[in-house]
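I opened this entry to record what I looked up in the model. The notes follow the order in which I consulted it.

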Amino acid sequence: MATEGQVITCKAAVAWEANKPLVIEDVQVAPPQAGEVRVKILFTALCHTDAYTWSGKDPEGLFPCILGHEAAGIVESVGEGVTEVQPGDHVIPCYQAECRECKFCKSGKTNLCGKVRAATGVGVMMSDRKSRFSINGKPIYHFMGTSTFSQYTVVHDVSVAKISPQAPLDKVCLLGCGVPTGLGAVWNTAKVEAGSIVAVFGLGTVGLAVAEGAKAAGASRIIGIDIDSKKFDVAKNFGVTEFVNPKEYDKPIQQVIVDLTDGGVDYSFECIGNVSVMRAALECCHKGWGTSVIVGVAASGQEISTRPFQLVTGRVWKGTAFGGFKSRSQVPWLVDKYMNKEIKVDEYITHSLTLAEINEAFDLMHEGGCLRCVLSMHA
Ligand SMILES: NC(=O)c1ccc[n+]([C@@H]2O[C@H](COP(=O)([O-])OP(=O)(O)OC[C@H]3O[C@@H](n4cnc5c(N)ncnc54)[C@H](O)[C@@H]3O)[C@@H](O)[C@H]2O)c1
Ligand SMILES: N[C@@H](CCC(=O)N[C@@H](CSCO)C(=O)NCC(=O)O)C(=O)O
Ligand SMILES: [Zn+2]
Ligand SMILES: [Zn+2]
């Protein structure tokens with residue numbers, strides 16, 4: 001049955017309130033308006049940022065909402081004026097938009113885009129500042145401009161990357177967030193050179209992708225730091241050469257790393273979202289040139305600190321969103337790299353469940369053995 005122009009009623013996981021179990025509801029999804037695309041989501045993974053917003057600690061977290069931002073699907077219909085995708089195209093929704101026209105996109109200095117950010121931060125679509133999701137007339141907020149925990153979602157046309165129709169959607173959904181973030185933190189933000197010594201704090205999906213990116217960049221040592229020693233076996237497969245568990249030392253972890261590396265690392269990456277670890281990650285960098293990249297998302301109200309002397313003496317503190325990748329231009333390229341076996345994706349998928357099992361999937365995420373859990377949306 002043709003659905004174009006019609007309201008679609010489908011299943012979605014609704015976060016009614018912070019920290020309360022998600023509820024699978026029948027949700028009405030309005031047709032896409034001008035500049036919008038309605039996507040049938042086939043697979044979505046869970047990322048820690050979904051859990052962060054769900055926890056109520058995200059200043060941009062509005063309820064009720066439909067979370068989810070690491071997914072893949074097929075375009076169902078497009079609104080007026082949409083030219084770059086059409087029904088049937090295989091796509092990855094992109095929480096970091098790329099309009100190619102705004103001050104940010106034209107700067108050549110950042111992957112951040114300003115076109116729809118103000119709307120996506122408050123859970124609505126840009127054209128009329130309204131949601132396309134509702135339940136019996138009650139609006140449900142969008143999330144990150146993607147809301148992929150729904151069988152159908154509506155996104156801005158600047159927030160969708162068209163990918164190879166050959167790519168397996170149950171795998172490449174991961175290229176919507178965690179894996180590109182880690183790879184890009186190394187390749188785009190830090191620009192790690194061959195021979196570098198790298199420290200990775202946090203060996204979840206993002207940290208492991210940092211390790212993978214650092215290995216590809218030719219790093220000579222990749223030191224993985226995690227409070228869960230079970231992570232090390234897996235981490236070796238992603239390029240980590242040495243493992244440090246801070247719990248096994250009395251001295252501060254930055255001192256441990258400095259002692260291990262004759263003065264500090266060339267590059268460090270914080271992939272946890274813990275502001276104390278962010279400080280340690282900066283302070284374990286080598287005097288004169290060491291660069292630390294903040295990747296983890298810390299809760300509202302948290303602040304970073306260090307002695308300014310750390311920066312005066314040449315250390316550099318940076319951050320990255322989506323690894324600095326320009327989403328619409330580079331996600332298709334990442335998909336092709338995966339298809340050519342140049343980057344890992346399958347190895348990050350430890351669990352597969354269905355949309356109906358989403359609360360179990362979040363429980364799994366908080367257990368050490370889970371990297372990414374992929375949900376089949378129409379099973
Ligand atoms: N900047 C971005 O664009 C971006 C994109 C995706 C995810 N993120 C963020 O990156 C972070 C990591 O995401 P993930 O999915 O890999 O998370 P994860 O929870 O799977 O991994 C975090 C790891 O850190 C370890 N850890 C926790 N506390 C620690 C400590 N004090 N010292 C050392 N290790 C510790 C955990 O054992 C775990 O292995 C999250 O904060 C997420 O929100 C940011
Ligand atoms: N709303 C949060 C911001 C969270 C955040 O920093 N998000 C990252 C992506 S995390 C993906 O897992 C990001 O891209 N930030 C840049 C942006 O949002 O434009 C808060 O306010 O704390
Ligand atoms: Zn994410
Ligand atoms: Zn832009």
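**Strand 10**

I began with strand 10 (residues 197-201), where five of its five residues are buried. Buried here means under 20% relative accessible area, exposed means over 50%, and partly exposed lies in between, with a 1.4 Å probe and protein chains only. Helices (H or I, at least four residues) and strands (E, at least two) are DSSP runs numbered from the N terminus.

The model is predicted: local features need pLDDT of at least 70, side-chain atom pairs count only at pLDDT 80 or more, and totals for chains, interfaces and linings use all residues. Residues are numbered from 1 along each chain as its sequence is written, chains are lettered from A and ligands numbered from 1 in the order in which they are written, and side-chain values use heavy atoms, with hydrogens and water left out.

I then asked which residues cover each face of strand 10. Ile-197, Ala-199 and Phe-201 lie on one side, Val-198 and Val-200 on the other, and all are buried. In a regular strand the side chains alternate between the two faces of the sheet.

I looked up the pairing next; two strands pair if DSSP finds at least two bridges between them. Strand 10 runs parallel to strand 11 (residues 221-225), and five bridges join them. Within this pair, Val-200 has Gly-224 as its bridge partner. The term right-handed applies if, with the strands pointing away from the viewer, the path from the first strand over the helix to the second runs clockwise. Strand 10 is also joined to strand 13 (residues 267-270), in parallel, by four bridges. There Val-198 has Tyr-267 as its bridge partner.

**Strand 17**

Which residues of strand 17 (residues 372-376) did I find covered? Four of the five are buried, so strand 17 is largely enclosed by the rest of the structure. Strand 3 (residues 36-45) runs antiparallel to strand 17 and is joined to it by three bridges; Ala-45 is paired with Val-374. Strand 16 (residues 349-354) runs parallel to strand 17, with five bridges, and His-351 stands opposite Cys-373. I noted a right-handed β-α-β unit made of strand 16, helix 12 (residues 358-365) and strand 17.

**Ligand 1**

I counted as near any residue with a heavy atom within 4 Å of the molecule. Ligand 1 is surrounded by 27 residues, the closest being Thr-49, Asp-226, Val-295, Thr-320 and Phe-322. By class the shell holds 14 nonpolar, nine polar and four charged residues. Ala, Val, Leu, Ile, Met, Phe, Trp, Tyr, Cys and Pro count as nonpolar, Asp, Glu, Lys and Arg as charged, and the others, Gly among them, as polar. Helix 1 (48-54) and helix 6 (205-216) each supply at least two residues of this shell.

For contacts I took pairs of N or O atoms within 3.5 Å. An oxygen atom of ligand 1 lies 2.9 Å from a backbone N or O atom of Phe-322. A polar side-chain atom of Arg-372 is 3.0 Å from an oxygen atom of ligand 1. Of the 870 Å² of accessible area that ligand 1 has on its own, the protein covers 86%. Accessible areas come from the Shrake-Rupley method with a 1.4 Å probe; for residues, only the protein chains shown count as cover.

**Ligand 2**

Around ligand 2 I listed 14 residues, of which Thr-49, Tyr-52, Asp-58, Glu-60 and Arg-117 come nearest. The shell divides into eight nonpolar, three polar and three charged residues. The side chain of Tyr-52 places an N or O atom 2.7 Å from an oxygen atom of ligand 2. For the side chain of His-69 the corresponding value is 3.2 Å, again to an oxygen atom of ligand 2. The protein buries 73% of the 530 Å² that ligand 2 exposes when taken alone.

**Backbone geometry**

Most residues other than glycine have a negative phi, and most peptide bonds are trans. Lys-191 has a phi near 55 degrees, a positive value. Lys-191 sits in the loop between helix 5 (178-190) and strand 10 and is exposed, at 54% relative accessible area. Asp-262 also has a positive phi, of about 55 degrees. Asp-262 is in the loop between helix 8 (253-260) and strand 13 and counts as exposed at 71% relative accessibility. Finally, I noted that the peptide bond from Phe-63 to Pro-64 is cis, with omega near 0 degrees. Pro-64 is in the loop between helix 1 and strand 4 (70-78).

How values were computed:
Polar contact = N/O pair within 3.5 Å; in protein donor to acceptor, adjacent residues only side chain to side chain.
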